[in-house]
Amino acid sequence: MRVPRLVGRLVGALAGLLALAVVLTGCGTAGGDSGKPSGASGAPSTADRVEPLTPAPTPRLPVSVRSADGRDVTIGGADRIVPLSGSLSEIVFSLGLGDRVVARDITATFEQARRLPVVTRAHDVSAESVLSLRPTLVLAETTTGPAEAIGQIRAAGVPLVVLDPAKKLGDVGTRIDKVAAALGVPAAGAELRERAESRIEAVRQGVPHGKKPRVAFLYLRGSASVYLLGGAGSGADSLIEAAGGVDAGVDSGLKKDFTPITSEALAKAAPDVILVMSKGLDSVGGVDGLLRIPGVGQTPAGLDRRIASVDDGVLLNFGPRTDAVLKSLVEQIHKGGA
């Protein structure tokens, strides 16, 4: 899981670190603390399953769509679909076409996809593995790579549609529409979009009024020594604001999506709550390990042990389950510390 397209633009070095971080999204190393934040419940248990539309739609093909990389792609069949990200898998399954999916990205961890073979880790696509499954359609994102693997799949004559990654709540409906169009099920896409957006709006209507907590999103991969503070465009900023909080990174002046964590940056952000992905929290040894990262323990959130945790596979997907993510975030950031 969408995670994850956590691509900072801090010159080449940081970009390289982030590529590694995305590869490791599903590979956190637990240790010490169980990883459950004090006073926070994390993402709801229903986040482990998607809710498909019923009855399942029947694709009306062929169709031609414009890929995000500027190519016009004609899709003649959708019997064997390979989505190359957890976020795209979630949409395909939610549209009711999960029985046509033959492989998954490592971030597609929800129950219905869990037994499918893994053919990619976002930035490490195995063209040979994908092609061995004889796909009739491959769905990718602009951050999917390497480019050579994408080229190999296209050279083999397989229709491959690229989508822009989601970065904000407003992208939920757009992504659903584009995937549904590529699958030849636009009516089902409209139905799923309406369901997703109405549920998100229902959660937003229940956001508490009053003082807005300052929330800092920390992207953590302890096994790779990657510790980043989210800023403008991280994706988490959109969720935090919708949940009735203030993104502490953005408010402190961070213009880039991700910046390496420093004590100075954390002091300036001064978060009341720290938001993390669950596997990221595990990878640093749980809450106790998180508080040992320089500067974290000295923030208001660190002193109060106010940590919000959401599952890696759903936090930044901006898909059909984003309402559950938002609801969990609202509950966690507006409750008192431990």
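**Figure 1. The side chain of Arg 214 reaches the backbone oxygen of Ala 269 at 2.6 Å.** The model shown here and in the following views is predicted. Arg 214 belongs to strand β8, which spans residues 214–221. Apart from neighbours within four places in sequence, Arg 214 is in contact with Val 246, Ala 248 and Asp 251, and also with Lys 268, Ala 269, Ala 270, Pro 271, Asp 272 and Val 273.

**Figure 2. The largest nonpolar core contains 63 residues.** Within this core, Leu 95, Leu 139, Val 161, Val 179, Leu 183, Leu 239 and Leu 275 touch the most other members. For Leu 183, with neighbours within four places in sequence set aside, the contacts are Pro 59, Leu 61, Ala 78, Ile 81, Val 92, Leu 95, Leu 97 and Leu 137. A second, separate core of 21 residues includes Leu 229, Ala 269, Val 276 and Leu 290. In the protein as a whole, 58% of the 338 residues count as buried.

**Figure 3. Asp 257 and Lys 167 form a salt bridge through their side chains, with an N to O distance of 3.6 Å.** Asp 257 is located in the loop between α8 (248–251) and β11 (258–260), and Lys 167 in the loop between β7 (160–163) and α5 (171–182), so the pair ties together parts that are 90 residues apart in sequence. Asp 257 has a relative accessible area of 7% and is therefore buried, the cut-off being under 20%. Lys 167, at 25% relative accessibility, counts as partly exposed.

**Figure 4. A salt bridge joins the side chains of Asp 171 and Lys 168 at 3.1 Å, N to O.** Asp 171 is buried, with a relative accessible area of 15%.

**Figure 5. The side chains of Asp 177 and Arg 193 meet in a salt bridge at 2.3 Å, N to O.** Asp 177 lies in helix α5 and Arg 193 in helix α6 (residues 186–205), and the pair links distant parts of the chain, 16 residues apart. Asp 177 counts as partly exposed at 30% relative accessibility, and Arg 193 is likewise partly exposed, with a relative accessible area of 26%.

**Figure 6. The protein has 13 helices and 13 strands.** Its accessible surface comes to about 13,200 Å², and 52% of this area belongs to carbon and sulfur atoms.

Terms used
Residues numbered from 1 in each chain as written. Predicted model: local features only at pLDDT ≥ 70, side-chain atom pairs only at ≥ 80, totals over all residues. Heavy atoms only, no water. Helix = DSSP H or I, 4+ residues; strand = E, 2+ residues; numbered from the N terminus. Polar contact = N/O pair within 3.5 Å; in protein donor to acceptor, adjacent residues only side chain to side chain. Contact = heavy atoms within 4.5 Å. Buried < 20%, exposed > 50% of the residue type's maximum accessible area, 1.4 Å probe, protein only. Areas by Shrake-Rupley, 256 points an atom, 1.4 Å probe, with all protein chains shown as cover. Core = buried A, V, L, I, M, F, W, Y, C linked by side-chain atoms within 4.5 Å. Salt bridge = Lys/Arg side-chain N within 4 Å of Asp/Glu carboxyl O.
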